[in-house]
Amino acid sequence: MGKYEELESKYIINTYNRQPGFTPCLVRGEGSYAWDDHGKKYLDFLSGLAVNVVGHCHPAVVGAISKQAAMLIHTSNLYYGAPQAELAEILVTKTMEGGKVFFANSGAEVNEAAIKLARKNKKGRYKIITAHQSFHGRTMATITATGQSKYQEPFKPLLDGFSYASFNDLDSFEALVDEQTAAIMIEPIQGEGGVHVAEKDFIEGLREICSRENILLIFDEVQCGMGRTGKLWAFENWNAVPDIVTVAKGLGGGLPIGAMIAAEPYTEILQPGDHASTFGGNPVVCSAALAVMRVLMADGFLASAKDKGVLIKNELERFIHLYPEVASNFRGLGLICALELKQPLAKKIHERCTVGGLLINAIGDTTIRLLPPLTISEEELQDGLNILESVIKVLLK
Ligand SMILES: Cc1ncc(COP(=O)(O)O)c(C=O)c1O
């Protein structure tokens, strides 16, 4: 066992299932690459779980962090903050005119904020409908929102008022709406649930139901937002603007941040004392996020992410055609993609890709998830897909 594996097994609570002798200890990153403590280089198709949208250690992010850290690191939210105010402005103007932001430190926290806002919005309305196979975080409210019993069972009793409908089945959502419903909350693309993309009729139909019934539509874009689909927000791929959108992961360029953006007239529901976060909107994190937003907003950047998404899709569809014994189906949009396998080979493919110098992710036994940085070059993308193809070929022998 290496030094860090030994320290981890002795001192860190084992919630992540790292494997001694196999899981790398990453010590450095640059662009689309990361290096482990033995100097081995990996092409990163996981991006720190959809976080490194502008790659590892993007110079604009590093520069913004260094500059802000040398000036002022933390103030608390008792004071005005310049980076926080500027970040809120860019988030609102690029998302929904008239909206306002609440800052926290993670996806789960901003989903909590959204749940609290929805519950406070109208007296007597406290129920939230979410989707089966969804993922919204690990706090008590967000595991309750998460429609997967494996995350809930050991921690029961859960919060009151949550019910679950089937993703892409509009009728199943409509059937659960009653006079106590406060909100419907979905991921426009379910990430942890295996990369399931909302269908147009479904997501636009949810918008109609929510407007008609006067309930909030909340989109959790923690994983699928921040340019991953080739648009800043995934919901821009459809004609369905939410009342609340939650974002985290990619926003901070690797530093912890979450933002809940609420549309008018829901911007004044939460009042002083209703909600807070000591670190939320911290100057250093917001400076990093401003740098990320400016990279994403540069001319042609999001369109190029979309083009690279087409490259992945074409290649994975080629694999399905060439290796039908292994690969059965592609799901995704832009640079959030999954390859569905016919056999329970996901863990084996994940292991062999790691050995081959490619970081990917296995969801369950039969799904491979790819989340490369949006800054990846087409050559790097092709190199990674070549490693994945060679692993599949060897497995076929
Ligand atoms: C869609 C979605 N929502 C919420 C979360 C929770 O985010 P965090 O781990 O930052 O609390 C995740 C994390 O994977 C996610 O994918």
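Colleague: Hi! What lies 3.1 Å from an oxygen atom of the ligand?

Modeller: A polar side-chain atom of K249 does. That is a polar contact, meaning a pair of N or O atoms within 3.5 Å; within protein, one must be able to donate a hydrogen and the other to accept it, and residues adjacent in sequence count only if both atoms are side-chain atoms.

Colleague: And how much of the ligand does the protein bury?

Modeller: The protein buries 82% of the 390 Å² that the ligand exposes when taken alone. Such accessible areas come from the Shrake-Rupley method with a 1.4 Å probe, and for residues only the protein chains shown count as cover.

Colleague: Before I go on, what sort of model is this?

Modeller: It is a predicted model, where local features need pLDDT of at least 70 and side-chain atom pairs count only at pLDDT 80 or more, while totals for chains, interfaces and linings use all residues. Residues are numbered from 1 along each chain as its sequence is written, and side-chain values use heavy atoms, with hydrogens and water left out.

Colleague: Thanks! Which residues come nearest to the ligand?

Modeller: G107, A108, D220, Q223 and K249, out of the 13 residues around the ligand. Being near means having a heavy atom within 4 Å. A polar backbone atom of G107 is 2.8 Å from a ligand oxygen, and an N or O atom in the side chain of Q223 is 2.8 Å from an oxygen atom of the ligand.

Colleague: Which helix gives the largest share of the shell?

Modeller: Helix α5 (residues 107–121), with three residues. Helices (H or I, at least four residues) and strands (E, at least two) are DSSP runs, numbered from the N terminus.

Colleague: New topic. Where is M226, and is M226 buried or exposed?

Modeller: M226 lies in the loop between β10 (216–220) and β11 (244–247). M226 is buried, because its relative accessibility is 2%; buried means under 20% relative accessible area, exposed over 50%, partly exposed in between (1.4 Å probe, protein chains only).

Colleague: What is phi of M226 near?

Modeller: Phi of M226 is near 55°, a positive value in a residue other than glycine. Most residues other than glycine have a negative phi. Q133 has a positive phi too, near 70°, but Q133 is partly exposed, with a relative accessible area of 39%.

Colleague: Last one: which peptide bond to P157 is cis?

Modeller: The one from K156, with omega near 5°. P157 sits in the loop between α7 (149–152) and β6 (162–165). The bond from E264 to P265 is cis as well.
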